[in-house]
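The entries follow the order in which I checked things.

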Amino acid sequence: MTALPADPQADEPLIPMSALTPGALRTAVESLTPSRMPTFVSDLVDATTRAQQLQSFAPLRTFVHTWVCS
């Protein structure tokens, strides 16, 4: 069951979106879905490893956007 906003016409989200950083996402995952932390950490390690291998930030950007949308 999802909570309904006090004002159904309000444009504000029920839960504010976290900053688009791994640290802010970690905090959000820990508080909202702690059972997904192992997957989050594993995905972050994989993205960091790929970024180092490719010498590119693209894997980290993909990681952040994947977790923001999940």
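**Entry 1: ground rules.** Before looking at any helix I noted that helices (H or I, at least four residues) and strands (E, at least two) are DSSP runs, numbered from the N terminus, and that the expected span of a helix is 1.5 Å times one less than its number of residues. This is a predicted model, in which local features need pLDDT of at least 70 and side-chain atom pairs count only at pLDDT 80 or more, while totals for chains, interfaces and linings use all residues. Residues are numbered from 1 along each chain as its sequence is written, and side-chain values use heavy atoms, with hydrogens and water left out.

**Entry 2: the whole protein.** I found three helices and zero strands, and along the sequence the pattern reads α-α-α. I then looked up confidence, given as pLDDT (the predictor's confidence in each residue, from 0 to 100). The protein averages 86, and 86% of the residues score at least 70. Confidence is lowest in H1, at a mean of 91, and highest in H2, at 97. I kept a caution beside these values: where pLDDT is low, the predicted coordinates should not be read in detail.

For burial I wrote down the cut-offs: buried means under 20% relative accessible area, exposed over 50%, and partly exposed in between (1.4 Å probe, protein chains only). By that rule, 16% of the 70 residues count as buried. The accessible surface (Shrake-Rupley method, 1.4 Å probe) comes to about 5400 Å², and 60% of it belongs to carbon and sulfur atoms.

**Entry 3: helix H2.** I started with H2, which takes in residues 37-54, has 18 residues, and reaches 25 Å from its first C-alpha to its last, close to the expected 26 Å. Which residues of H2 are buried? I listed Met-37, Phe-40, Leu-44, Ala-47 and Ala-51. Seen down the axis of H2, these buried residues fall within an arc of 90°, so they line one face of the helix; the arc is that of the directions from the helix axis to the C-beta atoms. The face of H2 turned away from the buried side carries the exposed residues Pro-38 and Gln-53. As for partners, the buried residues of H2 pack against helix H1 (22-32) and helix H3 (58-69), where contact means heavy atoms within 4.5 Å.

Entry 4: I moved on to Gln-55, which is found in the loop between H2 and H3. Its phi is near 50°, a positive value in a residue other than glycine. I set this beside the general rule that most residues other than glycine have a negative phi. Is Gln-55 buried or exposed? At 76% relative accessibility, Gln-55 counts as exposed.

**Entry 5: helix H3.** The 12 residues of H3 should span 16 Å, and the end C-alpha atoms of H3 are 17 Å apart, which agrees. In H3, I found Pro-59, Phe-63, Val-64 and Trp-67 buried. Seen down the axis of H3, its buried residues fall within an arc of 140°, so they line one face of the helix. On the other side of H3, Arg-61 and Cys-69 are exposed. What covers the buried residues of H3 includes H1 and H2.

**Entry 6: aromatic rings.** A search of the whole structure finds three aromatic pairs. In one of them, the rings of Phe-40 and Trp-67 have their centres 5.1 Å apart and their planes at 80°, so the pair is edge-to-face. This pair links distant parts of the chain, with Phe-40 in helix H2 and Trp-67 in helix H3, 27 residues apart. Phe-63 and Trp-67 form a tilted pair, with 6.5 Å centre to centre and 45° between the planes. Phe-63 and Trp-67 are four residues apart in helix H3, and so are separated by about one helical turn. Together, Phe-40, Phe-63 and Trp-67 form one aromatic cluster.

**Entry 7: before H1.** Last, I looked up Thr-21 in the segment before H1, which is partly exposed, with a relative accessible area of 37%. Thr-21 and His-65 are 44 residues apart in sequence and 9.6 Å apart in space, C-alpha to C-alpha.

Definitions and conventions:
Phe/Tyr/Trp six-rings, centres within 6.5 Å; stacked < 30°, edge-to-face > 60°.
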